[in-house]
Amino acid sequence: MCKSKCIVCGNITRPRIKKDNAVYHECLSCHLIQELPMPSLNIVDDFYNTETDFVADDTFTGKTNDFYFSFLSPFLARRTHILDLGCGTGMFADFLHSAGHDVEAVDISRKNVESTMRYGIKAHLGFLNKIAFPEASFDVVVCMQVIEHLVDPLSEFREVNRILKHGGIFFIGTPKWDAFFPRIVKSRWKYYLPGQHVTLFNHDSINMIAEKSGFSVKSITDRLYENTGFSKYIRQFIKPFLTGKGFSTTRDGMIIVLEK
Ligand SMILES: [Zn+2]
């Protein structure tokens with residue numbers, strides 16, 4: 001059995017989930033899940049641009065935007081300089097822009113950047129470290145449903161830390177692999193998506209990557225989308241077993257607030 005190392009803390013990993021031809025390993029120390037072998041940056045770039053002309057799902061509807069904003073708004077001044085990292089089609093960036101903030105955006109998909117620019121937002125194409133924003137340029141970086149796609153999340157977090165002002169906020173939404181539901185459905189969980197979701201976090205791995213990249217953890221809330229009542233959660237839980245698809249619930253994730 002091949003031994004491999006965690007890309008965040010460097011400790012030993014072991015295979016945990018097999019899906020299609022991919023194997024997801026769990027770090028025995030920080031409990032990060034990483035896909036092995038990890039796709040190269042060239043393969044990632046190809047996937048989001050040439051192969052599929054990737055366009056992100058429009059998950060940022062009114063209710064979801066309001067939900068995220070309820071966590072983010074305590075950290076926003078009247079006109080805050082915000083970077084939306086991995087902006088998708090630009091709906092959340094547009095929401096923040098419409099609330100009066102000074103918003104820029106980054107995405108590695110050309111289609112997503114074009115879509116975001118249609119809202120009148122300055123959107124940059126490419127990997128964050130290649131764009132090389134000046135040090136301490138942003139008050140807030142938002143990164144919704146993105147960190148699970150990163151082949152080298154630690155260097156990305158360090159770059160975010162570099163471009164944030166002192167006291168700046170890194171606001172993240174990501175799936176949580178050890179939530180109740182994914183523990184039950186295992187490899188059938190929607191967020192095990194080989195080639196796209198290459199790293200999956202839990203509280204321990206968020207704490208580890210935050211520490212290694214110079215952030216302090218202000219809060220982690222176990223929720224990915226808007227609040228649903230318990231009865232709706234139970235329906236989400238039962239439905240996939242009946243329909244055989246969409247194995248996820250609104251509670252299979254985390255909203256994370258880090259401070260530089
Ligand atoms: Zn680790």
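Guide: Two strands are said to pair if DSSP finds at least two bridges between them. Keep in mind that this is a predicted model.

Visitor: How do you know that strand E3 and strand E4 pair?

Guide: Strand E3 (residues 22–27) and strand E4 (residues 33–36) share four bridges in the antiparallel sense. The cut-off is at least two bridges, so they count as paired. Val23 stands opposite Leu36 in E4. The hairpin of E3 and E4 has five residues between the strands, and there His31 takes a positive phi near 65°.

Visitor: What makes E4 and strand E10 a pair?

Guide: Two bridges join E4 to E10 (residues 199–200), and the two run antiparallel. At least two are needed, therefore E4 and E10 pair. Ile33 has Leu200 in E10 as its bridge partner.

Visitor: Why is helix H3 called mostly covered?

Guide: A residue is buried if 20 or more other C-beta atoms lie within 10 Å of its own. In H3 (residues 91–98), seven of the eight residues are buried, so H3 is mostly covered. Among them are Phe92, Asp94 and His97. The buried residues of H3 pack against elements including helix H2, strand E5 and E8. Just after H3, Gly100 takes a positive phi of about 100°.

Visitor: Which residues have the most contacts inside the largest nonpolar core?

Guide: That core has 60 residues, and the ones with the most contacts inside it are Leu85, Val141, Val142, Cys143 and Phe170. Strand E8 (residues 138–144) gives the most to this core, with six residues.

Terms used:
Residues are numbered from 1 along each chain as its sequence is written. This is a predicted model: local features need pLDDT of at least 70, side-chain atom pairs count only at pLDDT 80 or more; totals for chains, interfaces and linings use all residues. A nonpolar core is a set of buried Ala, Val, Leu, Ile, Met, Phe, Trp, Tyr and Cys residues joined through C-beta atoms within 7 Å. A residue is buried if 20 or more other C-beta atoms lie within 10 Å of its own, exposed if 12 or fewer, and partly exposed in between; C-beta atoms are placed from the backbone. Two residues are in contact if their C-beta atoms, placed from the backbone, lie within 7 Å.
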